[in-house]
Amino acid sequence: ALDQASGRRLWAYGDGMVWNASITVGDGRVYFITSKNKEAAAHKTGRVPTGDLGEDQFLVALELKTGAVAWEQQIKTPAGMLMANMAYSGEKLVLSTSVSNQFPVTCYSATSGKEQWTAKVAWPRNHHGGHLSRPAIVDGKLFIRPATLDMETGKVLANNMPGGGCG
C-alpha cells in the first residue's frame, strides 16, 4: 500500500501470489485470494497460471492501514476455472468463479473467513462473455448474471436478468 499524498510505501504483502481480480476492500480491510503453491510461484511469467491455483490457496484479510494479517482461511476453488472475482457488503465476502458452464459462488464471513453458504448459477451462454460475470451486491441481493441471490442464504430469488452483447 502506498501513502496517497507522498507515494511512499506503507506496507507490502509477500506471502504468496495474489489473484489480482480478487482484491476487494471493505470496512478498513483488504481481502484477496493468494496461492502459496510453489509451482505457480515458479511460473515463468511471474503470474498464477489461469485455470488452477493449486492446492495451497488462501482467502486473506489484511488491516488496510497497517497490512497486518487479520485472518487467513485455506480455501479450494474449482480446478479449470476461467475467472475469480470477489465483492464485499455488510460483513460478507462473495467469491464467484467460472467453470464448466456455471458460476460456483461462495459467501464467507468477512470477520473470520468462515464459509457461510455456496450456490451455483448456470452461465447464460458459453460465448461472447456469457461465461464472465462479476458479482454485484445491492440492498442485500447478489447479482451474478443471469441470477439474483439472497445475500443471507444464497437462495436464488430470480433467474431472468437480461444480458447484453459481448460481455
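Two strands are said to pair if DSSP finds at least two bridges between them. Helices (H or I, at least four residues) and strands (E, at least two) are DSSP runs, numbered from the N terminus. The model is predicted: local features need pLDDT of at least 70, side-chain atom pairs count only at pLDDT 80 or more, and totals for chains, interfaces and linings use all residues. Residues are numbered from 1 along each chain as its sequence is written, and side-chain values use heavy atoms, with hydrogens and water left out.

**The four-stranded sheet**

- Strands of a sheet pair through backbone hydrogen bonds, either parallel or antiparallel.
- An open sheet is formed by four strands in the order E6-E7-E8-E9, with antiparallel pairing.
- Its edge strands are E6 (83–89) and E9 (115–122), each of which pairs on one side only.
- From one strand to the next, the twist averages 20° (axes are lines fitted to C-alpha atoms, for helices over the stretch in contact, and angles run from 0 to 180 degrees between N-to-C directions).

**Neighbouring strands**

- E6 and E7 run antiparallel and are joined by seven bridges; Met83 has Ser98 in E7 as its bridge partner.
- The hairpin of E6 and E7 has two residues between the strands, and Gly90 in the turn has a positive phi of about 50°.
- E7 and E8 are antiparallel and are joined by five bridges; Leu95 stands opposite Thr106 in E8.
- Three residues lie between the strands in the hairpin of E7 and E8, where Ser100 takes a positive phi near 50°.
- E8 (residues 102–109) pairs with E9 in the antiparallel sense over seven bridges, and Thr106 has Thr118 in E9 as its bridge partner.

**Burial and nonpolar cores**

- Buried means under 20% relative accessible area, exposed over 50%, and partly exposed in between (1.4 Å probe, protein chains only).
- In strand E7 (residues 92–98), seven of its seven residues are buried: Lys92, Val94, Ser96 and Ser98 on one side, and Leu93, Leu95 and Thr97 on the other.
- A nonpolar core is a set of buried Ala, Val, Leu, Ile, Met, Phe, Trp, Tyr and Cys residues joined through side-chain atoms within 4.5 Å.
- The largest nonpolar core has 16 residues, and Trp117, Leu142 and Leu149 have the most contacts inside it.
- At least two residues of this core come from each of E6, E8, E9, E11 (141–144) and E12 (147–150).
- Apart from this core lies another, of 14 residues, among them Trp19, Ile75, Ala84 and Tyr108.

**Aromatic rings and a charge**

- Rings of Phe, Tyr and Trp (its six-membered ring) pair if their centres lie within 6.5 Å; planes under 30 degrees apart count as stacked, over 60 as edge-to-face and the rest as tilted.
- By this rule there are three aromatic pairs.
- Tyr31 and Trp71 have ring centres 6.1 Å apart and planes at 40°, so the pair is tilted.
- Because Tyr31 lies in E3 (residues 29–35) and Trp71 in E5 (residues 69–75), their pair ties together parts that are 40 residues apart in sequence.
- Tyr31 and Tyr88 form a stacked pair, at 5.7 Å centre to centre with 15° between the planes.
- Tyr31, Trp71 and Tyr88 form one aromatic cluster; Tyr31 and Trp71 are buried, and Tyr88 counts as buried at 17% relative accessibility.
- The charged end of Lys36 sits over the ring of Phe58, 4.4 Å from its centre (this requires NZ of Lys or CZ of Arg within 6 Å of the ring centre and within 35 degrees of the ring normal).
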